[in-house]
Amino acid sequence: MPVGGITPAEVEHPADVVVRNAKIYTGDPDRPQASAVAISGGKVTVVGNDADILGVVGPATQVIDGQNRRVIPGLNDSHLHVIRGGLNYVLELRWDGVPTLRQALAMLREQVARTPKGQWVRVVGGFTKEQFAEKRLPTIAELNAAAPDTPVFILNLYQSALMNRAALQAAGFTKDTPDPKGGQIVRGRGGEPTGMLLAAPSALILYSTLAKAPLLGPEDKKSSTRQYLRELNRFGLTSAIDAAGGFQNFPDNYATVMALAEEGNLSVRIAYHLFPQTVGQELDDLTRWTQMVKPGDGDEFLRLNGAGENLTWAAADFENFNEPRPELAADYEVEFEKALRLLMENDWGFRLHATYDETIRRDLAVFERLASEGLFPGNNRWLFDHAETISGDSLDRVAALGGAISIQNRMSFQGEAFLARYGAGAAAEAPPIRKMLDRGLVVGAGTDATRVSSYNPWVALHWLVTGRTLGNTLIYPPENRVSREQALQMYTQAGATLTAEQGVKGMLREGYYGDLAILSDDYLTVDEADIPHIESVLTLTGGRVVYAAAEFEGLDESLPAISPLWSPVAHFGGYQATPAPSRSGAQQARQIVEAAADSELQRQWHIARGGSAPRVGAGAFETHNH
């Protein structure tokens with residue numbers, strides 16, 4: 001079709017799709033800007049302007065007018081629990097992006113009304129009380145009032161879970177239920193569980209309780225995963241590195257993405273890791289897996305990337321900043337070193353969960369011992385995940401051993417808790433982003449979604465650029481923030497390097513995958529506060545239109561209807577978008593009024609029951625920038 005002077009013709013090598021009339025940020029240092037890109041056979045064939053693409057526009061070429069919008073390479077989350085998230089997505093009520101607790105509870109009550117007997121209403125991460133105008137979580141009384149008979153489970157970061165009476169009964173918790181190791185069942189009068197579970201500090205109690213809720217059948221798991229991938233495409237994500245995680249068994253829980261890959265129905269490229277699930281059986285699992293598969297097995301949409309993010313359970317610390325740093329076993333290195341030797345002998349790379357420098361230093365000592373024998377790292381890629389409190393000395397040791405880092409915006413959600421425990425000085429470099437980059441380390445960016453952070457990459461990009469939490473607390477000084485271009489590089493090229501795909505992914509260059517997103521707003525120029533509100537209006541993965549909205553609506557592939565029909569996603573969708581601050585002053589004012597009204601109701605309720613009005617302690621201090 002003729003578009004702005006672009007007339008199709010019989011050409012020798014026609015493109016499958018062309019995007020033109022756009023402000024294209026390519027990420028390619030040799031040609032950082034362009035206005036048109038052509039894609040054939042899933043890969044970029046031309047990057048330039050209208051004159052450059054004239055020779056590839058044939059009668060069957062899909063020509064998309066970018067309408068002068070910003071185009072970026074497809075985003076790549078370097079630490080996302082995408083496989084586990086997809087298996088459960090349609091069962092979850094997402095509070096991601098919800099601005100007030102009042103709205104969150106209204107959504108909960110509405111979902112309770114449509115949830116059939118035997119099913120749970122579950123809010124599984126993606127939010128923090130700091131994002132609510134009320135700055136608080138729901139009370140157990142509010143949950144019981146909203147759902148007297150339907151089980152409700154609400155996961156609050158890695159810190160705690162809230163359960164109503166029906167959920168306690170469904171999970172089998174009674175006054176005789178013992179506290180699991182590393183967790184606490186909070187009890188009231190007579191020893192009966194109140195409905196609060198605490199990670200103290202291990203999140204195992206939270207995840208093992210959630211695992212008692214009903215699961216989807218095989219076909220619904222496939223449908224749920226496709227819906228979740230479409231939701232990721234909504235934000236311009238075209239790739240993700242799956243970090244495995246607890247209760248994600250191989251190969252059983254990988255069967256869904258494997259089936260979708262065989263059908264050609266993955267719209268996000270997934271590089272996955274394998275994580276031993278059973279304490280005491282880690283070496284057996286790793287031995288079996290090294291005989292079954294090897295890193296690199298698969299194709300451009302689904303491939304094995306290595307082991308982790310745990311190798312042995314005893315070596316894993318926890319990231320509940322409401323609790324003190326956990327003390328790990330004095331001898332965990334014994335089994336940990338055996339696992340590493342096995343991986344090195346079989347040419348397996350790995351990623352390693354490590355929140356605290358105390359853990360990182362002990363791990364590095366093991367790596368250095370193997371390196372002295374010529375066994376580490378060989379040709380294997382390896383990286384630390386999280387690394388909030390890593391020291392400069394440890395960074396030097398990581399660099400010397402050829403390692404990399406993957407950081408996530410957990411501090412967007414837990415920054416206030418970290419600040420309260422460790423102080424502003426420590427929080428200012430948790431993690432030390434600029435020091436990592438200044439040492440020349442590859443630093444990939446991601447979210448660690450879905451059970452803590454939201455999967456929305458623009459929330460993470462906002463955190464990298466501004467140093468602010470979802471509660472608008474300024475944590476990082478300018479010297480620990482990055483430019484918008486650097487943040488985008490961490491979300492594209494760095495992630496590609498972590499999977500050894502830096503030659504085919506991460507930028508828009510001839511021969512690279514045709515993965516891109518046309519954005520709702522120009523990331524490079526919008527007000528910083530508007531960055532978390534950006535979405536894609538058109539996402540291409542390998543030249544396929546996998547998401548389309550706004551003026552492009554209807555260009556994407558259709559998906560089967562959401563099943564089951566009562567799914568929260570069928571009624572509310574996923575991430576709850578709100579207007580960007582630069583355009584939503586009136587709405588913000590209304591939300592503040594609603595929150596104030598709710599707070600006044602709470603105050604009156606408290607006084608009516610013989611208490612006094614809440615008071616702010618003399619030592620309280622303000623961290624928000626108004």
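Predicted model: local features only at pLDDT ≥ 70, side-chain atom pairs only at ≥ 80, totals over all residues.
Student: Where do I start? How many residues are in the largest nonpolar core?
Tutor: The largest nonpolar core holds 104 residues. Those with the most contacts inside it are Phe350, Phe367, Phe384, Ile405, Trp458 and Tyr523.

Student: Which helix gives the most to this core?
Tutor: Helix α15, residues 457–466, gives the most, with seven residues.

Student: And is there another core apart from that one, or what else is there?
Tutor: Another core, of 23 residues, lies apart from the largest one. Met163, Ala171, Tyr207 and Phe413 are among its residues.

Student: Back to Phe367. What is Phe367 in contact with, leaving aside its neighbours within four places in sequence?
Tutor: Phe367 is in contact with Phe336, Leu340, Phe350, Leu352, Phe376, Trp382, Phe384 and Leu401.

Student: At what angle do the axes of α10 and α11 cross?
Tutor: The axes of α10 (residues 333–345) and α11 cross at roughly 50 degrees and come within 11 Å. That angle makes α10 oblique to α11. The crossing is right-handed.

Student: OK, now α11 and α12. Are they roughly parallel or oblique?
Tutor: Helix α11 (residues 357–372) and helix α12 (residues 392–400) pack at an angle of about 30 degrees. Angles under 35 degrees count as roughly parallel, so α11 and α12 are roughly parallel to each other.

Student: How far apart are their axes, and is the crossing left-handed or right-handed?
Tutor: The axes of α11 and α12 are 10 Å apart, and the crossing is left-handed.

Student: Which residues make the contact?
Tutor: From α11 they are Asp357, Ile360, Arg361, Leu364, Ala365 and Glu368. From α12 they are Ser394, Arg397 and Val398. By class, that is four nonpolar, one polar and four charged residues.

Student: Changing topic. What kind of peptide bond joins Phe250 and Pro251?
Tutor: A cis one, with omega about 5 degrees. Pro251 sits in the loop between β14 (237–242) and α8 (255–263).

Student: And what about the bond from Ser563 to Pro564?
Tutor: That peptide bond is cis as well, with omega near 5 degrees. Pro564 is in the loop between β23 (544–548) and α18 (568–572).

Student: What else is in the loop between β23 and α18?
Tutor: Ala550 lies there. Its phi is positive, about 55 degrees, although Ala550 is not a glycine.

Student: Is Ala550 buried or partly exposed?
Tutor: Partly exposed, at 46% relative accessibility.

Student: Last one: what is the phi of Asn21, and where is Asn21 found?
Tutor: Asn21 has a positive phi of about 55 degrees, and Asn21 is not a glycine either. Asn21 is in the loop between β1 (17–20) and β2 (23–25). With a relative accessible area of 29%, Asn21 is partly exposed.

Technical notes:
Residues numbered from 1 in each chain as written. Heavy atoms only, no water. Core = buried A, V, L, I, M, F, W, Y, C linked by side-chain atoms within 4.5 Å. Buried < 20%, exposed > 50% of the residue type's maximum accessible area, 1.4 Å probe, protein only. Helix = DSSP H or I, 4+ residues; strand = E, 2+ residues; numbered from the N terminus. Contact = heavy atoms within 4.5 Å. Axes fitted to C-alpha atoms, helices over the stretch in contact; angles between N-to-C directions. Parallel < 35°, antiparallel > 145°, perpendicular 65-115°, else oblique. Left-handed = near helix turned anticlockwise from the far one by under 90°. Nonpolar A, V, L, I, M, F, W, Y, C, P; charged D, E, K, R; others polar.
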